[in-house]
Each structure stands twice: as structure tokens, then as C-alpha cells.
Amino acid sequence: FLPSLIITAPDRPAGRKMLLTPPPVKVWAEQNGVPYTQPEKITELLAILSSRGSRPKGEGRSDDKSQAVEYDFFLVVAYGKIIPEEILKAPRLGSLNIHYSLLPKYRGASPVESAILAGDTETGVAIQQMEFKLDSGDIIALEKVGILPEETAPELRKRLIKIGGELLAKTLPEFINGTINPVKQDEGKATLCKKIKKEDGLIDPLGDPVSNYNKFRAYAAWPRTYFLQNGKRVIITDAKLEDGKFVIKKVIPEGKKEIAFEEFEKNY
């Protein structure tokens, strides 16, 4: 399935030198000759898709041969903006979303982290028919996945992305042909997970060992777990749960390089 149009985020400064960097989706679009657009605001997106069946020329196209097509469906993955209902309903078959949890559990912005934080041993991938209410649409496909005892959020997310892509490829033919019976979500079992803040990474090293280790795993990419010493942040970069104890292996003291925790305890 080749997209007729890709909508992705604008280029943003990234890295230590804050160089203007395109999102990976844009890079892929350019490499494969697929039209794309990068609206800064949702109002721009409304203008782009205001007329059903119109095909934007795409900022990534080298030619100007644009023909009108009808969008069969929109596929939304981690777009990060609230999409108006008129856009969700515009395509012939509506809009689909890949969500990394077993909906209706963990609706919202941080389903992968939330599953690890809760100590869950199982999560999954849901493909849902999008509704304007957050992650509440009918389930088109669902696949369960075990969470490994030491798996971090980046590791789990990488697995879920692959599984989600494969599940989507298997599901789309039936969805397009109308042979899938969508399943309504049980609102009584819905739980909401919020957007993660930098402050959420703060832990008490002497607190509950399992909770600390789950937080370390969940926030391994961002915001990272940390504790405060003399008012300064000490980031935990390596830790284990050994014999029921949260054992810190390596840290980065504020403004310093990574060191072994034993060295930190001796010198700070």
C-alpha cells in the first residue's frame, strides 16, 4: 500500500548543534517519491484537505502533475495533534489509528510507558477506527504481546512498531473489502494515561525497589529517571532489580560525564 500523501511534522532543530532536521517520515517520502506536506498548524491541514478528493501537489514532488484522487482512508500514527472530526470522517472509509496498548486500557499519550510503570506483563497493539473522543473508536484488530522482565520502553516500542506494521498489512485488505466486524470498546474498562513530564522521572533511591525499577525502564529514553543530591540532578543510566533490591549501576551527575555509581558514592 503506497500512500497518496504523507502528512508529517515540520523540520525541527535537533542534536547538540540544534541543526534543522527533517522527521524520518519526510526522509522516507523523499526517497520514495511520495508527496508530503508539513503543516505547522492544524488549520493548515484543514485547508490542505478541505476538498474531499483533492490531491495536494506535495512539497516533496519534483513534478507538477497532480491528479484528483479520492482518499480511501487516513492512517494516523503518533501525530501529536488533535485532529478535527471533519478530517477524520473525510475519507471514504474514515480514519485508522495504530495504538500501542490493549484498548480500552491506556488510552492517551503514553501507553507503552504506562504499561511498564504498572508492572504489566502483557500489552499489545490495537488498530482502531478513529473517533473524535480520544482513542475510543471501534477495534479493527488487536494483537497481544508479552512484556519482558527487563525490557525498557524504547525496546518494547520498537517491537510494537514492527508488530503494528505487520498487523496493519494483514488487516487492511479485509478492512478495505468490508469483511471485518469492528468491536466496540468497553467504556467501563477504559483507563487514561497522561503526557509525560520531565519531573515524572524523579525517584527516591530508597523507595519501593520494584516501582523504582519499573520507572527506570519506562523512562529509559525520556525523561530518564533521576534523584537529587544537594539540589542537583543525578541521572540514572543503568540499573537492575537484584534480589528484590533496586541496584543503581551508572549515573550522570549534573554537568558531568557518566560514571559508575560506586565512584559517585565515594566522590560526591
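User: By class, which residues make up the lining of the largest pocket?
Analyst: Please note that this is a predicted model. The lining of the largest pocket has 27 nonpolar, three polar and three charged residues.

User: Which residues lie nearest the centre of the largest pocket?
Analyst: Pro3, Leu5, Ile6, Ile7 and Leu75 lie nearest its centre, out of 33 lining residues. Two or more lining residues come from each of strand 1, helix 1 (24-32), strand 5 (74-76), helix 3 (85-88) and helix 5. The space in this pocket is about 1,400 Å³.

User: And what volume does the second largest pocket have?
Analyst: Its volume is about 1,200 Å³. The lining has 34 residues, with Ala78, Tyr79, Gly80, Gly108 and Ala109 nearest the centre. By class, these lining residues divide into 19 nonpolar, seven polar and eight charged.

User: Changing topic: is Thr8 buried or exposed?
Analyst: Thr8 counts as buried because its relative accessibility is 8%, below the 20% cut-off. Thr8 sits in the loop between strand 1 (6-7) and strand 2 (12-14).

User: What does Thr8 touch?
Analyst: Leaving aside residues up to four places away in sequence, Thr8 touches Pro23, Val25, Lys26, Thr37, Gln38, Pro39 and Tyr79.

User: Why is helix 6 largely enclosed by the rest of the structure?
Analyst: Helix 6 spans residues 209-218, and seven of its ten residues are buried, so the rest of the structure largely encloses it. The buried residues are Asn212, Tyr213, Asn214, Lys215, Phe216, Arg217 and Ala218.

User: Which elements do those buried residues pack against?
Analyst: They pack against helix 4 (111-117), helix 5 (153-177), strand 12 (232-242) and strand 13 (245-253).

User: Now the salt bridges. How many does the structure hold?
Analyst: The structure holds 13 salt bridges. One of them joins Asp120 and Lys105, with the closest N and O atoms 3.3 Å apart. Asp120 is in the loop between helix 4 and strand 8 (122-129), and Lys105 in the loop between strand 6 and strand 7 (107-108), 15 residues apart.

User: Is Asp120 buried or exposed?
Analyst: Asp120 is buried, at 17% relative accessible area, whereas Lys105 is partly exposed, at 35%.

User: Which residues are linked in a network of salt bridges?
Analyst: Arg107, Lys133 and Glu187 are linked in such a network. Within it, the side chains of Glu187 and Lys133 meet at 3.3 Å, N to O. Glu187 lies in the loop between helix 5 and strand 10 (192-193) and Lys133 in the loop between strand 8 and strand 9 (139-146), so their pairing ties together parts 54 residues apart in sequence.

Notes:
Residues are numbered from 1 along each chain as its sequence is written. This is a predicted model: local features need pLDDT of at least 70, side-chain atom pairs count only at pLDDT 80 or more; totals for chains, interfaces and linings use all residues. Side-chain values use heavy atoms; hydrogens and water are left out. Buried means under 20% relative accessible area, exposed over 50%, partly exposed in between (1.4 Å probe, protein chains only). Helices (H or I, at least four residues) and strands (E, at least two) are DSSP runs, numbered from the N terminus. Contact means heavy atoms within 4.5 Å. On a 1 Å grid over the protein atoms alone, a cavity is a set of points where a 1.4 Å probe fits but cannot get out, and a pocket is an open set with protein on both sides within 12 Å along at least five of seven lines; lining residues have an atom within 4 Å of a point. Grid points are joined across faces, edges and corners, and a volume is the space filled by probe spheres set on the points. Ala, Val, Leu, Ile, Met, Phe, Trp, Tyr, Cys and Pro count as nonpolar, Asp, Glu, Lys and Arg as charged, and the others, Gly among them, as polar. A salt bridge is a side-chain nitrogen of Lys or Arg within 4 Å of a carboxyl oxygen of Asp or Glu.
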